[in-house]
Amino acid sequence: MARCIFHIDLDAFFVSVEQALNPKLKGKPVIVGGDPERRGVVASASYEARPFGIHAGMPLSKARRLCPQAIFLKANFTRYRKVSDRFMEILSDFSPHIEPLGLDEAYLDVTGCLKPYGSPQQLALAIKERIKKELDITASVGIATCKVVAKIASELCKPDGLLEIVPREEQAFLHPLPVAKLPGVGKKTERLLKEMGIKTIGELAALPLDTVTRRLGTTGAVLLNYARGIDNRQVELPGEAKSIGQQVTFARDTFDRNFLEVTLQNLCQELCQELRRQNKRAKCIAIRLRYADFKTITRQVTLREASNLTQVIIAAAQQLLSKALAQQEKPIRLIGVCVSGLIGEERQLPMFDAKVVKLVHVEQALDKIRKKYGTAAIKMGDSIYSENSKENANSKS
Ligand code: TTP
Ligand code: MG
C-alpha cells in the first residue's frame, strides 16, 4: 500500500507568532530580524512584505530600502520555541510518526491514521484548523507518497495551502519544476547541472545514473531518485528508541487459540510494565505471527490516544490476533507484540476520566508487586509457554 506522508510548514513563522500576539500587525509588511540600523539579516518576512523582493537572509538595510513602510521587529527565540513545542504537540495528536525539522516544519506519516477522516485532505484540513484555532497561525501542507514530493508540494502551495500529489502523479508533478526546487540542490549543484544543460527536474530524471554520479558523486544518485519521485526515507524521530517489543517462540507449533491469547496477554503485560518504567506511552500496537512454514506476518493498529495501560494494549493486540487467526489457519511457532510511536509520559492522560485514573493506580500497584516478587507473581490466566525461548527487543531502528 502506498504511504501517505504530510509535510507541514508554518507560514512566515516568526512573523506569524508576532502577529498572533499583536493582531494589529496582521495584513501588513512585517519583518522579523533585528535592528535595521545595525547589521543583521531578515529571518522572516510576512507575505505582504515579499512582493517588495524581501526574503530571509537579506540584509536588513536592503529590506528597509526596498520597503521603508515595513514594520521591523527583533526576534524573540524563547517565544518561538514555545509556539514550536505546541505546534509539534498538535501534530503528534494526529499521528505518532512525526519527524520535526527545525522549529516550524515536520513530516508526518499518516498512512495508518486516515480512517476517521475519510481522506488525506480532510485530515490535513483538520490539522490546519487545529493550528489556526490554537496558535492563530496558518500552515501549508503537502501530501504525497514520499517525503521529497510532500516537501516540494507544501512549498508550492504557500501560504495557507494544501496540495495533494496523488499516487502515480509524482513524476508529472515534479518534471516541469526547476531543479533548484529539489531539496539538496544548492547554488553549486544548480550551477553544475546548468553546465550539463539541465534546468528542470524532468531533464535530470531522464539522465542515466552514471552520467549524474560522474558529475555529482553519490549525492547525484540520491538526487536522481528524488527527481524520479523515489524516496524511501521513513518518517522518524531522530535518535529516540522507537519501539519496544516482546516475542516468544514455542517449543511446539500450536493451533490453540486460548493458549495464543494467554501468551499474548502476558507479553503485553510485560511490555506495558516496560513502557511505564520508561515513562512512555505508545500510539501503535503491532503483533507478529510466524507460522510453522516460517512465513511471518505483522498486523498493526494505531490507538486514538497513546497508552501504557495493560488492558488497552491487550484489547488492541487481541483484536489483531483474532483478525489474523480468522485469515490464516496454520500452526504458529512464534508470537510477538511490539509498540511504537512512543510518547513521553509528561503528556498527561485525560485525568477527567475516572475509570482511566483508577486503572493507572491498579497497574502501578501491580508493577510494585511484580518488582518485589518477580514478573511471574501476577499473570493473566494460565501461562504455559516456554519461558526459555522468550525474547526481548528494544529497537532503535
Ligand atoms: P521558513 O519556514 O523557511 O520561513 P518562514 O516560516 O518565515 O516562511 P514560509 O512561509 O516561507 O515558510 O523558516 C522558519 C523560521 O526560521 C522563520 O520564520 C525564521 C527562521 N529562519 C531564520 O532565522 N533564518 C533564515 O534564513 C530562515 C530561512 C529561517
Ligand atoms: Mg515556515
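Helices (H or I, at least four residues) and strands (E, at least two) are DSSP runs, numbered from the N terminus. The model is predicted: local features need pLDDT of at least 70, side-chain atom pairs count only at pLDDT 80 or more, and totals for chains, interfaces and linings use all residues. Residues are numbered from 1 along each chain as its sequence is written, chains are lettered from A and ligands numbered from 1 in the order in which they are written, and side-chain values use heavy atoms, with hydrogens and water left out.

View 1. Of its 397 residues, 46% count as buried, where buried means under 20% relative accessible area, exposed over 50%, and partly exposed in between (1.4 Å probe, protein chains only). Contact means heavy atoms within 4.5 Å. Among contacts between residues at least 6 apart in sequence, 66% join residues at least 24 apart.

**View 2. Ala-12 sits in the loop between strand 1 and helix 1.** Its phi is near 35°, a positive value in a residue other than glycine. Ala-12 counts as buried because its relative accessibility is 9%.

**View 3. Phe-14 and Tyr-80 form a stacked pair of rings.** Rings of Phe, Tyr and Trp (its six-membered ring) pair if their centres lie within 6.5 Å; planes under 30 degrees apart count as stacked, over 60 as edge-to-face and the rest as tilted. The whole structure holds seven aromatic pairs. In the pair shown, the ring centres are 4.1 Å apart and the planes are at 15°, so the pair is stacked. Phe-14 lies in helix 1 and Tyr-80 in helix 3, so the pair ties together parts that are 66 residues apart in sequence. Both Phe-14 and Tyr-80 are buried. Ring pairs link Phe-13, Phe-14, Phe-77 and Tyr-80 into a cluster.

**View 4. The largest nonpolar core has 34 residues.** A nonpolar core is a set of buried Ala, Val, Leu, Ile, Met, Phe, Trp, Tyr and Cys residues joined through side-chain atoms within 4.5 Å. Phe-6, Ile-8, Leu-91, Leu-108, Ile-127 and Ile-131 touch the most other members. Elements that give two or more residues to this core include strand 1 (5-10), helix 3 (77-94) and helix 4 (120-135). Helix 3 supplies the largest share, seven residues. Not counting residues up to four places away in sequence, Leu-91 touches Ile-8, Ile-98, Ala-106, Leu-108, Ile-127 and Ile-131. A second, separate core of 31 residues includes Ile-244, Leu-275, Ala-324 and Leu-342.

**View 5. The loop between helix 5 (147-156) and strand 8 (162-164) contains Gly-161.** Pro-159 and Asp-160 lie in this loop too. A cis peptide bond joins Lys-158 and Pro-159, with omega about -10°. Asp-160 has a positive phi of about 50° although it is not a glycine, and counts as partly exposed because its relative accessibility is 46%. Gly-161 is buried, with a relative accessible area of 8%. Leaving aside neighbours within four places in sequence, Gly-161 is in contact with Lys-128, Ala-139, Ser-140 and Val-141.

**View 6. Helix 11 (residues 257-277) passes helix 12 (residues 310-327) in a right-handed crossing.** A crossing is left-handed if the near helix is turned anticlockwise from the far one by less than a right angle, and right-handed if clockwise. Residues that meet include Leu-260, Leu-264 and Cys-268 in helix 11 and Ile-313, Ala-317 and Leu-321 in helix 12.

Note on methods:
Axes fitted to C-alpha atoms, helices over the stretch in contact; angles between N-to-C directions.
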